[in-house]
Amino acid sequence: MTFSELDPRTLTVLGVPGALEAAAHPQATAQVLSGLSAHPDSRVRALVARHPNTPLEVLGSLAASFPREVLSNPGLPLMRLARPNLLGVFPAEGVAALLALPDVPAWVLEGAARHEDFSVRTALASYAGLSAERVSALAQDAGWQVREAIARRTNLPERLIRQLAADDDYDVRKAIALRADLPGDALRTLAADSHSLVRANVARRLDLPLDCMLTLAADGDSDVLSTLARRVDLPRKVREWLAANDHPMVRAAALQAWKVPREWLGRAENDADPDVRAALARRPDASPALLSHLAHDEAETVRRALLERNDLPDEAVVALARAPEQDIRVHVASAETLPAGALDVLMQDDDPNIRTILAVRPDLGSERLMQLAQDNSAEVRRGVAFAETLPPAVLTRLTGDTNAGVRRSVAIRDDLTPEIVRQLAADLDDGVRLMIAGRGDLPQNIRDLLRNDIDGNVRVEATA
(Lines give C-alpha, C1' and ligand atoms only; values in the text may rest on other atoms or scores of the structure.)
Protein backbone atom coordinates (compact mmCIF):
# COMPACT_ATOMS: atom_id res chain seq x y z
CA MET A 1 0.00 0.00 0.00
CA THR A 2 1.35 3.44 -0.94
CA PHE A 3 1.08 6.46 1.30
CA SER A 4 -1.39 8.03 -1.11
CA GLU A 5 -3.65 5.02 -0.49
CA LEU A 6 -3.20 4.98 3.29
CA ASP A 7 -6.52 4.85 5.11
CA PRO A 8 -6.64 7.72 7.66
CA ARG A 9 -8.46 5.38 10.04
CA THR A 10 -5.30 3.22 10.25
CA LEU A 11 -2.95 6.08 11.15
CA THR A 12 -3.08 5.20 14.81
CA VAL A 13 -1.23 1.93 14.11
CA LEU A 14 1.71 3.75 12.54
CA GLY A 15 4.76 4.09 14.72
CA VAL A 16 6.62 7.39 14.87
CA PRO A 17 9.04 6.43 12.05
CA GLY A 18 6.13 5.44 9.84
CA ALA A 19 4.24 8.63 10.63
CA LEU A 20 7.31 10.74 9.84
CA GLU A 21 7.72 8.97 6.50
CA ALA A 22 4.02 9.37 5.68
CA ALA A 23 3.98 13.08 6.56
CA ALA A 24 7.02 13.74 4.34
CA HIS A 25 5.86 11.69 1.35
CA PRO A 26 5.19 13.86 -1.75
CA GLN A 27 2.03 11.90 -2.54
CA ALA A 28 0.48 12.15 0.93
CA THR A 29 -3.18 13.06 0.52
CA ALA A 30 -5.01 15.89 2.24
CA GLN A 31 -7.02 13.31 4.15
CA VAL A 32 -3.91 11.51 5.43
CA LEU A 33 -2.22 14.78 6.33
CA SER A 34 -5.33 15.88 8.20
CA GLY A 35 -5.14 12.72 10.27
CA LEU A 36 -1.42 13.14 10.92
CA SER A 37 -1.95 16.75 12.06
CA ALA A 38 -3.17 15.37 15.39
CA HIS A 39 -0.17 13.06 15.85
CA PRO A 40 1.36 13.28 19.36
CA ASP A 41 4.89 13.67 17.98
CA SER A 42 5.68 17.32 17.22
CA ARG A 43 8.05 16.36 14.40
CA VAL A 44 5.19 14.73 12.53
CA ARG A 45 2.96 17.77 12.98
CA ALA A 46 5.79 20.07 11.81
CA LEU A 47 6.13 18.05 8.59
CA VAL A 48 2.37 18.32 8.04
CA ALA A 49 2.61 22.11 8.48
CA ARG A 50 5.22 22.24 5.68
CA HIS A 51 3.49 19.85 3.28
CA PRO A 52 1.91 21.53 0.19
CA ASN A 53 -1.01 19.09 0.20
CA THR A 54 -2.12 20.02 3.73
CA PRO A 55 -5.60 21.62 3.68
CA LEU A 56 -5.87 25.28 4.59
CA GLU A 57 -8.00 24.64 7.68
CA VAL A 58 -5.39 22.20 8.98
CA LEU A 59 -2.62 24.75 8.38
CA GLY A 60 -4.62 27.22 10.41
CA SER A 61 -4.86 24.79 13.32
CA LEU A 62 -1.11 24.17 13.19
CA ALA A 63 -0.06 27.80 12.86
CA ALA A 64 -0.11 28.46 16.61
CA SER A 65 2.56 25.80 17.22
CA PHE A 66 4.41 25.88 13.90
CA PRO A 67 4.16 29.43 12.49
CA ARG A 68 7.51 29.30 10.69
CA GLU A 69 6.68 25.98 9.03
CA VAL A 70 3.26 27.24 7.90
CA LEU A 71 4.73 30.39 6.34
CA SER A 72 7.36 28.34 4.49
CA ASN A 73 4.77 25.89 3.12
CA PRO A 74 5.30 25.82 -0.69
CA GLY A 75 1.58 25.44 -1.28
CA LEU A 76 0.71 28.66 0.51
CA PRO A 77 1.10 31.03 -2.50
CA LEU A 78 -1.47 29.04 -4.49
CA MET A 79 -3.82 28.98 -1.53
CA ARG A 80 -3.53 32.77 -1.25
CA LEU A 81 -4.46 33.16 -4.92
CA ALA A 82 -7.48 30.91 -4.48
CA ARG A 83 -8.55 32.58 -1.21
CA PRO A 84 -7.38 36.19 -0.90
CA ASN A 85 -8.71 36.42 2.67
CA LEU A 86 -6.84 33.27 3.63
CA LEU A 87 -6.07 34.35 7.21
CA GLY A 88 -9.77 34.80 7.86
CA VAL A 89 -10.11 31.03 8.34
CA PHE A 90 -7.10 30.82 10.67
CA PRO A 91 -7.88 30.74 14.42
CA ALA A 92 -6.88 33.87 16.29
CA GLU A 93 -4.04 32.17 18.16
CA GLY A 94 -2.57 30.97 14.86
CA VAL A 95 -2.48 34.45 13.35
CA ALA A 96 -1.05 35.86 16.58
CA ALA A 97 1.76 33.29 16.36
CA LEU A 98 2.53 34.41 12.81
CA LEU A 99 2.65 38.03 13.99
CA ALA A 100 5.14 37.08 16.68
CA LEU A 101 7.74 36.20 14.05
CA PRO A 102 10.33 38.93 13.42
CA ASP A 103 10.04 38.89 9.61
CA VAL A 104 6.31 38.74 9.00
CA PRO A 105 5.35 39.15 5.32
CA ALA A 106 3.24 42.17 4.37
CA TRP A 107 0.33 39.98 3.32
CA VAL A 108 0.09 38.59 6.87
CA LEU A 109 -0.08 42.14 8.28
CA GLU A 110 -2.77 42.98 5.77
CA GLY A 111 -4.77 39.85 6.58
CA ALA A 112 -4.45 40.45 10.31
CA ALA A 113 -5.79 43.98 9.90
CA ARG A 114 -8.92 42.56 8.26
CA HIS A 115 -9.37 39.67 10.70
CA GLU A 116 -12.71 39.77 12.47
CA ASP A 117 -11.25 38.62 15.82
CA PHE A 118 -10.21 41.66 17.86
CA SER A 119 -7.42 39.66 19.57
CA VAL A 120 -5.69 39.31 16.19
CA ARG A 121 -5.89 43.04 15.58
CA THR A 122 -4.64 43.60 19.13
CA ALA A 123 -1.60 41.44 18.40
CA LEU A 124 -1.10 43.39 15.19
CA ALA A 125 -1.27 46.68 17.11
CA SER A 126 1.68 45.50 19.22
CA TYR A 127 3.80 44.53 16.20
CA ALA A 128 6.93 46.68 16.12
CA GLY A 129 7.22 47.10 12.37
CA LEU A 130 3.88 48.74 11.60
CA SER A 131 3.72 51.63 9.18
CA ALA A 132 2.47 55.01 10.36
CA GLU A 133 -0.63 54.58 8.23
CA ARG A 134 -1.41 51.22 9.82
CA VAL A 135 -0.91 52.64 13.33
CA SER A 136 -3.30 55.49 12.57
CA ALA A 137 -5.90 53.10 11.22
CA LEU A 138 -5.70 50.83 14.26
CA ALA A 139 -6.03 53.84 16.56
CA GLN A 140 -9.56 54.12 15.13
CA ASP A 141 -10.38 50.42 15.55
CA ALA A 142 -13.75 49.49 17.03
CA GLY A 143 -12.11 47.21 19.59
CA TRP A 144 -10.92 49.03 22.71
CA GLN A 145 -8.26 46.36 23.26
CA VAL A 146 -6.76 47.29 19.89
CA ARG A 147 -6.72 51.00 20.72
CA GLU A 148 -5.23 50.23 24.13
CA ALA A 149 -2.39 48.31 22.46
CA ILE A 150 -1.77 51.30 20.20
CA ALA A 151 -1.74 53.57 23.27
CA ARG A 152 1.15 51.52 24.68
CA ARG A 153 3.31 51.79 21.54
CA THR A 154 6.49 53.83 21.64
CA ASN A 155 6.99 56.82 19.35
CA LEU A 156 3.34 57.64 18.84
CA PRO A 157 2.75 60.98 17.11
CA GLU A 158 1.34 63.65 19.42
CA ARG A 159 -1.93 63.85 17.51
CA LEU A 160 -2.64 60.16 18.24
CA ILE A 161 -1.65 60.58 21.89
CA ARG A 162 -4.14 63.43 22.24
CA GLN A 163 -6.77 61.48 20.35
CA LEU A 164 -6.38 58.42 22.59
CA ALA A 165 -6.25 60.55 25.74
CA ALA A 166 -9.83 61.53 24.90
CA ASP A 167 -10.88 57.98 24.01
CA ASP A 168 -14.33 56.80 25.12
CA ASP A 169 -12.86 53.74 26.86
CA TYR A 170 -11.15 54.22 30.22
CA ASP A 171 -8.68 51.36 29.60
CA VAL A 172 -7.28 53.28 26.65
CA ARG A 173 -7.02 56.44 28.74
CA LYS A 174 -5.35 54.41 31.53
CA ALA A 175 -2.62 53.33 29.11
CA ILE A 176 -2.12 56.86 27.79
CA ALA A 177 -1.91 58.27 31.33
CA LEU A 178 1.40 56.44 31.91
CA ARG A 179 3.14 57.66 28.75
CA ALA A 180 6.31 59.65 29.40
CA ASP A 181 5.61 61.82 26.33
CA LEU A 182 2.08 62.79 27.39
CA PRO A 183 1.60 66.56 26.82
CA GLY A 184 1.15 68.53 30.03
CA ASP A 185 -2.34 69.78 29.21
CA ALA A 186 -3.50 66.23 28.41
CA LEU A 187 -2.01 65.02 31.69
CA ARG A 188 -3.92 67.63 33.66
CA THR A 189 -7.12 66.66 31.87
CA LEU A 190 -6.58 63.02 32.82
CA ALA A 191 -5.91 64.04 36.43
CA ALA A 192 -9.57 65.07 36.50
CA ASP A 193 -10.78 62.07 34.45
CA SER A 194 -14.22 60.65 35.20
CA HIS A 195 -12.79 57.20 35.96
CA SER A 196 -10.83 56.59 39.16
CA LEU A 197 -8.47 54.02 37.60
CA VAL A 198 -7.32 56.61 35.07
CA ARG A 199 -6.69 59.13 37.85
CA ALA A 200 -4.85 56.44 39.84
CA ASN A 201 -2.54 55.85 36.88
CA VAL A 202 -1.86 59.56 36.74
CA ALA A 203 -0.97 59.42 40.44
CA ARG A 204 1.64 56.72 39.68
CA ARG A 205 3.66 58.89 37.31
CA LEU A 206 7.20 59.55 38.52
CA ASP A 207 7.19 63.01 36.95
CA LEU A 208 3.81 64.08 38.33
CA PRO A 209 3.69 67.89 38.51
CA LEU A 210 3.00 69.48 41.88
CA ASP A 211 -0.28 71.03 40.77
CA CYS A 212 -1.52 67.56 39.72
CA MET A 213 -0.60 66.20 43.13
CA LEU A 214 -2.70 68.87 44.76
CA THR A 215 -5.59 68.13 42.39
CA LEU A 216 -5.46 64.41 43.16
CA ALA A 217 -5.10 65.04 46.90
CA ALA A 218 -8.67 66.39 46.83
CA ASP A 219 -9.91 63.23 45.08
CA GLY A 220 -12.75 61.38 46.75
CA ASP A 221 -11.67 57.90 45.65
CA SER A 222 -9.67 55.79 48.10
CA ASP A 223 -7.74 53.97 45.33
CA VAL A 224 -6.53 57.27 43.91
CA LEU A 225 -5.60 58.59 47.35
CA SER A 226 -3.85 55.32 48.26
CA THR A 227 -1.76 55.46 45.11
CA LEU A 228 -0.88 59.07 45.84
CA ALA A 229 -0.10 58.31 49.48
CA ARG A 230 2.70 55.89 48.53
CA ARG A 231 4.70 58.67 46.88
CA VAL A 232 7.76 60.06 48.62
CA ASP A 233 7.68 63.44 46.91
CA LEU A 234 4.43 64.79 48.32
CA PRO A 235 4.23 68.21 49.97
CA ARG A 236 4.25 67.91 53.77
CA LYS A 237 0.65 69.08 54.16
CA VAL A 238 -0.60 66.51 51.66
CA ARG A 239 1.36 63.71 53.32
CA GLU A 240 0.02 64.59 56.75
CA TRP A 241 -3.53 64.78 55.51
CA LEU A 242 -3.33 61.39 53.78
CA ALA A 243 -1.74 59.76 56.84
CA ALA A 244 -4.77 60.82 58.87
CA ASN A 245 -7.37 60.07 56.18
CA ASP A 246 -10.66 58.54 57.26
CA HIS A 247 -10.16 55.54 54.98
CA PRO A 248 -7.86 52.87 56.49
CA MET A 249 -6.58 51.83 53.05
CA VAL A 250 -5.24 55.36 52.53
CA ARG A 251 -3.63 55.45 55.98
CA ALA A 252 -2.02 52.05 55.35
CA ALA A 253 -0.70 53.24 51.98
CA ALA A 254 0.84 56.31 53.59
CA LEU A 255 2.95 53.98 55.74
CA GLN A 256 4.42 52.34 52.64
CA ALA A 257 6.43 55.38 51.59
CA TRP A 258 10.17 55.01 52.03
CA LYS A 259 10.42 57.55 54.80
CA VAL A 260 7.70 58.68 57.15
CA PRO A 261 7.88 60.81 60.29
CA ARG A 262 8.46 58.89 63.51
CA GLU A 263 5.23 60.17 65.01
CA TRP A 264 3.28 58.51 62.20
CA LEU A 265 4.66 55.12 63.25
CA GLY A 266 3.54 55.63 66.82
CA ARG A 267 0.10 56.66 65.69
CA ALA A 268 -0.19 53.69 63.32
CA GLU A 269 0.75 51.28 66.10
CA ASN A 270 -2.46 52.22 67.86
CA ASP A 271 -4.60 52.60 64.74
CA ALA A 272 -8.03 51.01 65.05
CA ASP A 273 -7.80 49.34 61.65
CA PRO A 274 -5.74 46.10 61.38
CA ASP A 275 -4.74 46.85 57.79
CA VAL A 276 -2.90 49.94 58.99
CA ARG A 277 -1.11 47.97 61.70
CA ALA A 278 -0.30 45.27 59.11
CA ALA A 279 1.28 47.91 56.87
CA LEU A 280 3.34 49.01 59.85
CA ALA A 281 4.46 45.40 60.40
CA ARG A 282 5.85 45.30 56.85
CA ARG A 283 8.00 48.40 57.18
CA PRO A 284 11.72 47.57 56.88
CA ASP A 285 12.59 50.07 59.62
CA ALA A 286 10.24 48.58 62.21
CA SER A 287 12.14 48.17 65.49
CA PRO A 288 12.41 44.79 67.29
CA ALA A 289 10.30 46.19 70.12
CA LEU A 290 7.58 47.23 67.68
CA LEU A 291 7.61 43.84 65.94
CA SER A 292 7.32 42.07 69.29
CA HIS A 293 4.38 44.27 70.21
CA LEU A 294 2.65 43.59 66.88
CA ALA A 295 3.16 39.84 67.27
CA HIS A 296 0.69 40.03 70.18
CA ASP A 297 -1.85 41.90 68.03
CA GLU A 298 -5.41 40.62 68.19
CA ALA A 299 -5.82 40.74 64.41
CA GLU A 300 -4.90 37.81 62.17
CA THR A 301 -4.06 40.28 59.39
CA VAL A 302 -1.21 41.70 61.45
CA ARG A 303 0.18 38.27 62.36
CA ARG A 304 0.19 37.21 58.72
CA ALA A 305 2.02 40.40 57.75
CA LEU A 306 4.74 39.53 60.27
CA LEU A 307 5.18 36.10 58.64
CA GLU A 308 6.50 37.88 55.54
CA ARG A 309 9.59 38.99 57.47
CA ASN A 310 12.80 37.06 58.11
CA ASP A 311 14.15 39.36 60.82
CA LEU A 312 11.67 38.84 63.64
CA PRO A 313 13.06 39.05 67.18
CA ASP A 314 12.80 35.95 69.37
CA GLU A 315 9.95 37.39 71.42
CA ALA A 316 7.86 37.90 68.28
CA VAL A 317 8.54 34.35 67.09
CA VAL A 318 7.47 32.95 70.46
CA ALA A 319 4.26 34.99 70.30
CA LEU A 320 3.49 33.70 66.80
CA ALA A 321 4.08 30.15 68.01
CA ARG A 322 0.99 30.70 70.17
CA ALA A 323 -1.13 32.07 67.30
CA PRO A 324 -4.67 30.66 67.13
CA GLU A 325 -4.27 29.97 63.38
CA GLN A 326 -2.92 26.47 62.77
CA ASP A 327 -1.19 27.37 59.51
CA ILE A 328 0.71 30.21 61.21
CA ARG A 329 2.00 27.80 63.83
CA VAL A 330 2.95 25.35 61.05
CA HIS A 331 4.86 28.16 59.37
CA VAL A 332 6.72 28.88 62.60
CA ALA A 333 7.40 25.21 63.31
CA SER A 334 8.89 24.81 59.82
CA ALA A 335 11.29 27.75 60.14
CA GLU A 336 14.96 26.97 59.57
CA THR A 337 15.93 28.28 62.99
CA LEU A 338 13.81 28.78 66.09
CA PRO A 339 14.53 30.19 69.53
CA ALA A 340 14.31 27.74 72.42
CA GLY A 341 11.23 29.53 73.76
CA ALA A 342 9.32 28.92 70.51
CA LEU A 343 10.32 25.25 70.51
CA ASP A 344 9.02 24.84 74.06
CA VAL A 345 5.71 26.50 73.15
CA LEU A 346 5.24 24.34 70.07
CA MET A 347 6.11 21.18 72.00
CA GLN A 348 2.91 21.77 73.97
CA ASP A 349 0.77 22.50 70.91
CA ASP A 350 -2.60 20.74 70.90
CA ASP A 351 -2.24 19.86 67.22
CA PRO A 352 -0.27 16.63 66.68
CA ASN A 353 0.63 17.79 63.19
CA ILE A 354 2.64 20.64 64.70
CA ARG A 355 4.43 18.28 67.07
CA THR A 356 5.13 15.90 64.15
CA ILE A 357 6.82 18.72 62.24
CA LEU A 358 8.94 19.42 65.30
CA ALA A 359 9.94 15.76 65.60
CA VAL A 360 12.29 15.89 62.60
CA ARG A 361 13.93 19.22 63.46
CA PRO A 362 17.70 18.87 63.98
CA ASP A 363 17.77 21.42 66.82
CA LEU A 364 15.45 19.74 69.35
CA GLY A 365 18.01 18.17 71.65
CA SER A 366 17.81 14.89 73.56
CA GLU A 367 15.30 16.00 76.18
CA ARG A 368 12.71 17.25 73.70
CA LEU A 369 13.19 14.20 71.46
CA MET A 370 12.52 11.90 74.41
CA GLN A 371 9.43 13.92 75.28
CA LEU A 372 8.07 13.51 71.75
CA ALA A 373 9.03 9.82 71.74
CA GLN A 374 6.54 9.44 74.61
CA ASP A 375 3.84 11.56 72.93
CA ASN A 376 0.23 10.39 73.07
CA SER A 377 0.05 10.52 69.25
CA ALA A 378 1.57 7.59 67.36
CA GLU A 379 2.07 9.89 64.36
CA VAL A 380 4.31 12.14 66.46
CA ARG A 381 6.30 9.18 67.78
CA ARG A 382 6.64 7.87 64.23
CA GLY A 383 7.93 11.31 63.21
CA VAL A 384 10.67 11.02 65.85
CA ALA A 385 11.70 7.72 64.24
CA PHE A 386 12.48 9.68 61.05
CA ALA A 387 14.77 12.19 62.81
CA GLU A 388 18.23 12.28 61.28
CA THR A 389 20.02 11.43 64.52
CA LEU A 390 18.60 9.90 67.70
CA PRO A 391 20.16 9.48 71.13
CA PRO A 392 20.45 5.77 72.11
CA ALA A 393 17.85 6.14 74.87
CA VAL A 394 15.29 7.60 72.44
CA LEU A 395 15.99 4.88 69.88
CA THR A 396 15.53 2.20 72.54
CA ARG A 397 12.26 3.80 73.61
CA LEU A 398 10.89 3.76 70.03
CA THR A 399 12.02 0.17 69.50
CA GLY A 400 9.65 -0.88 72.26
CA ASP A 401 6.78 1.36 71.15
CA THR A 402 3.29 -0.10 71.41
CA ASN A 403 2.40 0.97 67.85
CA ALA A 404 3.62 -1.35 65.09
CA GLY A 405 3.85 1.55 62.63
CA VAL A 406 6.38 3.30 64.86
CA ARG A 407 8.48 0.14 65.16
CA ARG A 408 8.34 -0.36 61.38
CA SER A 409 9.78 3.13 60.91
CA VAL A 410 12.53 2.32 63.39
CA ALA A 411 13.32 -0.89 61.51
CA ILE A 412 14.45 0.95 58.37
CA ARG A 413 16.91 3.27 60.16
CA ASP A 414 20.59 2.95 59.30
CA ASP A 415 21.86 3.40 62.86
CA LEU A 416 20.37 0.34 64.56
CA THR A 417 22.52 -1.59 66.99
CA PRO A 418 22.84 -5.39 66.61
CA GLU A 419 20.74 -5.80 69.75
CA ILE A 420 17.89 -3.68 68.32
CA VAL A 421 18.05 -5.61 65.02
CA ARG A 422 17.69 -8.90 66.90
CA GLN A 423 14.81 -7.50 68.94
CA LEU A 424 12.92 -6.28 65.87
CA ALA A 425 13.61 -9.48 63.95
CA ALA A 426 11.61 -11.27 66.65
CA ASP A 427 8.83 -8.66 66.70
CA LEU A 428 5.24 -9.94 66.82
CA ASP A 429 4.26 -7.69 63.90
CA ASP A 430 4.79 -9.16 60.43
CA GLY A 431 5.45 -5.68 59.00
CA VAL A 432 8.29 -5.00 61.43
CA ARG A 433 9.97 -8.29 60.57
CA LEU A 434 9.42 -7.56 56.86
CA MET A 435 11.27 -4.24 57.20
CA ILE A 436 14.13 -5.94 59.02
CA ALA A 437 14.28 -8.72 56.42
CA GLY A 438 14.83 -6.14 53.68
CA ARG A 439 17.96 -4.68 55.31
CA GLY A 440 21.22 -5.20 53.46
CA ASP A 441 23.29 -5.30 56.63
CA LEU A 442 21.61 -8.24 58.32
CA PRO A 443 23.87 -10.70 60.14
CA GLN A 444 23.67 -14.14 58.59
CA ASN A 445 22.09 -15.75 61.64
CA ILE A 446 19.28 -13.16 61.64
CA ARG A 447 18.74 -13.64 57.90
CA ASP A 448 18.57 -17.40 58.34
CA LEU A 449 16.01 -16.91 61.10
CA LEU A 450 13.81 -14.73 58.90
CA ARG A 451 14.10 -17.14 55.95
CA ASN A 452 12.11 -19.53 58.10
CA ASP A 453 9.60 -16.93 59.28
CA ILE A 454 5.96 -17.91 59.62
CA ASP A 455 5.03 -15.17 57.13
CA GLY A 456 5.70 -15.91 53.49
CA ASN A 457 6.39 -12.27 52.57
CA VAL A 458 9.08 -12.07 55.25
CA ARG A 459 10.68 -15.28 53.98
CA VAL A 460 10.75 -13.94 50.40
CA GLU A 461 12.23 -10.62 51.52
CA ALA A 462 14.95 -12.30 53.57
CA THR A 463 15.85 -14.55 50.64
CA ALA A 464 16.02 -11.80 48.01
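Where is the place of Ala321?

Author: Ala321 sits in the loop between H24 and H25. Helices here are DSSP runs of H or I with at least four residues, strands are runs of E with at least two, and both are numbered from the N terminus. This is a predicted model, where local features need pLDDT of at least 70, side-chain atom pairs count only at pLDDT 80 or more, and totals for chains, interfaces and linings use all residues. Residues are numbered from 1 along each chain as its sequence is written, and side-chain values use heavy atoms, with hydrogens and water left out.

Is Ala321 buried or exposed? Ala321 counts as buried because its relative accessibility is 2%. Buried means under 20% relative accessible area, exposed means over 50%, and partly exposed lies in between (1.4 Å probe, protein chains only).

Now look at its contacts. Contact means heavy atoms within 4.5 Å. Setting aside neighbours within four places in sequence, Ala321 is in contact with Arg329, Val332, Ala342, Val345, Leu346 and Asp349. Take Ala342 from that list. In sequence, Ala321 and Ala342 are 21 residues apart. In space, their C-alpha atoms are 5.9 Å apart.

Ala342 leads us to helix H26, residues 340-347. Ala342, Leu343, Val345, Leu346 and Met347 are buried in H26. What covers these buried residues? The cover includes helix H24 (314-320), helix H25 (326-333), helix H27 (352-359) and helix H28 (366-373). In general, nonpolar side chains tend to be buried together in soluble globular proteins.

Step back to the whole chain. Its secondary structure comes to 35 helices and zero strands. The radius of gyration is 35 Å, well over the 23 Å that the globule rule gives for 464 residues, so the chain is more spread out than a compact globule. That radius is taken over C-alpha atoms, and the rule is 2.2 Å times the number of residues to the power 0.38. Along its principal axes, the C-alpha trace spans about 90 × 90 × 25 Å. Buried residues make up 50% of the 464 residues. Among contacts between residues at least 6 apart in sequence, 41% join residues at least 24 apart.
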